[in-house]
Structure formats: structure tokens, C-alpha cells
Amino acid sequence: MVKLMEKIWKISSLTPLQTGGVNGRTDRVYETGIMGSLRWWYEVLVRGLGGKACDPTAKEVRCPQDSSKKPTDPGHHCVVCELFGCTGWARKFRLMVVDENGGVIQDQIRAGQIFALKFIPLRQIRPEEWCLLDLTLRLIDKCGAIGGKTVFKPSEEWGIADLGAEDLDDSSGQVIVHHARRGLPLQGNDVILEIEGTQVASLTEVETLLRGRRHGDPLTIMVQRRGSQTQIDAWVGKRHHQDFGLIAVEARPQGVECTREQIEAYVKDDRWCKGFDNSAFSWASLQHFWCVKRRYLARQDADTSSFNFVIGRPEPKNQSSQGDSWLAGRRPNRQRNIDPESKKVFSFKEPENARRTFGFVQNQDGFQEIMERLKVLRDGNGNGRKPDPGWKDFDPEKEFIKGEQILERLFS
Ligand SMILES: [Zn+2]
């Protein structure tokens, strides 16, 4: 019997990792959130290296496709499910998020904190799988972010600054906060008067304004607090649906070095299930990925948003955008049976030394399209679109990095 050796990656958080503490529960939230994110980036990497990865959240395409096969039969599951598990085939490892001394982390992980991801094998993990895990973590470090899968599959549950319907009361004809929690912008007995400039008097009106908007998007709320009106800066939804986090890999374990040829041969091996239609999510591949470091997209003022400009949404605030673009993603609509779809551009402003903007395109022409839009941010378009100072001197040749270049760097 081969001894199963755990491997530990030492990580520093560059932002808080917003995954814990939902209603005071901290149990396993980190592990669940980080696991979901790791798997997602692992899928992106596998597809980028020419392998096929199923989408475990989509019933029609998740493994196993053919339940008459035994889990050890060739074609039972894809190369990602081999490590992360699927129905009938358990995940090969247990993940623990621990502090520097190996203790369980109870509180939210703060910016600048050192922690460790401990992978404890439950069955033999192949050298190629350890290498892929290492590549995944270094990819997140270089050009991605840790976030629960909910980042990429927006939740349908609505919320406001971490509070939900159960925390609000409208029986008096006004929307009153009756459950608040420490550290949140809305306080107990606040009366919510306006959201983004629109008056609200019932939970239904609040829900209509918020449903389908993305968790974590900024939101301005006017409240009546202790007799006076106060404008507060808040966010859409509940942050445990956002849980973004930038990380840096500080130390890697031994035994995670592989060549690109070795990894490509492994992910393309005949034993993995490949016979599913991945057209709906094949964009989630490093071959469709781009990244610009040290620059970010944001809203500049009520009429200007470089973020909206890049994803092809109207820039002025409060302008609804029916017929969202592919880049902008899609808001869910239960009545019309429309599932939510992730936006494809992500941007991080803080901390300054880890700033980044990254995204995915549908096909190779998409890269050029994004680059042209980023150049408009640099130069303006002579048509009222002023330059965004944050993109001054942007040099696409040097700064616009595609997934293939990232792969080369990860293996060099
Ligand atoms: Zn699979």
C-alpha cells in the first residue's frame, strides 16, 4: 500500500476572502467556496490544454454520462471529475484551509493574512493531478481570483447589503430593517426610502429592483435613520455570493513539476469521457482567456463606466439593458425560464499592486474586439467617450496577455 502524502500550498491573501460567516456560521464555508473555485479554474486549465471538462452544474452534460459504466471503466467521467469527483466516484482528496500553525481558521481571512491549503489524499493522486492543482493555484495567483462558483453562476436569491427578505419588514407600508448585523451598512430600524434613486415602499418593489442583479455590484441607498435622511453606499445581494479574493502563492510543495507535453497527454488521454456537448461552456477555457495586469475597470461617474463600456452595456446609471450582450452575461428570469449566465469580464482595483482585469471571449476574433475597446479607454473615441486615466499609456502589445501566453509562462 502506497502511503498517501498530503501537500500544502502556503498562500497569502491580497484581499479579504469573503466566504465565511454567513449568519455566524463559519463551518466549512471556506473549504466549500475555495473548492468550487479551484474546480472551476481547473476546468479552465484542462480545456485550455486541449482536454474536455464537463459542467457539473448542468444536468445534461455532467459526468457520468452513462450510468451503466463502472466508475473505473474508461469513459465513465472526465479528467476533472477524476480528481474532484462526480456521482459514483468520490473526490480524491479532502481540502483543509488552515492558519500558519495548522489550526482551523475561525474568522474571515483578512487581507495580508498567511494561510495554507492542505490537500489530504483519500486515494492515490497522480503526479499530473498534483501538477494541475499547482498550475491552477498559480493561474489564480497570476491572473485570476478565488471566488465561489457563484461568481460565475450568479445566484437567483436577491439581497441587499448582505440582508435578505427575512431581515426586512414592510407591514407598515415602509421597508424597515428589523434584523441588522454588526459591520453592515444597513442598521436596525433604518427605513429604506430609495434604492438607486427609485422610491420603494414594499418588499416586492425592493425585490423587483434587485432581482437578477449581480451580487457585490455597488448600490446607493437612501435611508431614514434616527429622524434624518442618509445616503449610504452598499452593494447588491449577499457577499457570500460574491466572495472574490486575490491570492499569492507563497510556497509550493515538492513534486508538482511537470512538462506541458506530459500534462497535455494526460488530459487528452482516451480513458476520459469526452462525448458530451460542451458548446454552452467551451468559452471557459484558457484558450479564450485574456488578462491585463495593473489596470482596472470601474464606474467613473453617473454617465461613465469603463466596465459597462467594455462589456457592451449602456454606460449611464439606471439604464436598463434588455438583450444583454454575451460579455455582460444574463440576468435570470424565472417566469421565462431563463437561467442566469455569468458575465465574462472581471476587474479588481485593490490592492494596487495586484490590480487586474481579466475575461473570456467567445472566439479568437473576440480578443481583437476587447483590445479595441480597451484602446478606446486609453484614447477616447472622439465621440464623447473620454479617455479613462486608468488606461493612460496602455500598450496592448505588452499588456494584453492571452491564455496561451499565460500557459507558456506557467510551464516555463
Ligand atoms: Zn466530469
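Four bridges join β14 to strand β15 (residues 356-360) in the antiparallel sense. Within the sheet, Phe348 stands opposite Arg356 in β15. The model is predicted: local features need pLDDT of at least 70, side-chain atom pairs count only at pLDDT 80 or more, and totals for chains, interfaces and linings use all residues. Residues are numbered from 1 along each chain as its sequence is written.

Another open sheet of four strands has the order β2-β3-β1-β10, again with antiparallel pairing. Its edges are formed by β2 (93-99) and β10 (247-251); each has a single partner strand, so one side of each is left without a neighbour in the sheet. On average, neighbouring strands of this sheet are turned by 30° against each other, direction ignored (axes are lines fitted to C-alpha atoms, for helices over the stretch in contact, and angles run from 0 to 180 degrees between N-to-C directions). β2 and strand β3 (residues 114-121) run antiparallel and are joined by seven bridges. Phe93 has Pro121 in β3 as its bridge partner.

Helix α3 lies across β1 (7-13), β3 and β10, and runs at about 130° to β10. Thr136 is located in α3, which spans residues 127-143. Thr136 is buried because 22 other C-beta atoms lie within 10 Å (a residue is buried with 20 or more other C-beta atoms within 10 Å of its own, exposed with 12 or fewer, and partly exposed in between, C-beta atoms being placed from the backbone). Leaving aside neighbours within four places in sequence, Thr136 is in contact with Leu38, Trp41, Tyr42 and Leu45 (two residues are in contact if their C-beta atoms, placed from the backbone, lie within 7 Å). Of these residues, Leu45 is 91 residues from Thr136 in sequence, while the C-alpha to C-alpha distance between Leu45 and Thr136 is 6.9 Å.

Overall, the protein contains nine helices and 16 strands. Of its 412 residues, 36% count as buried. Among contacts between residues at least 6 apart in sequence, 66% join residues at least 24 apart.

Note on methods
Pairing = 2+ DSSP bridges. Helix = DSSP H or I, 4+ residues; strand = E, 2+ residues; numbered from the N terminus.
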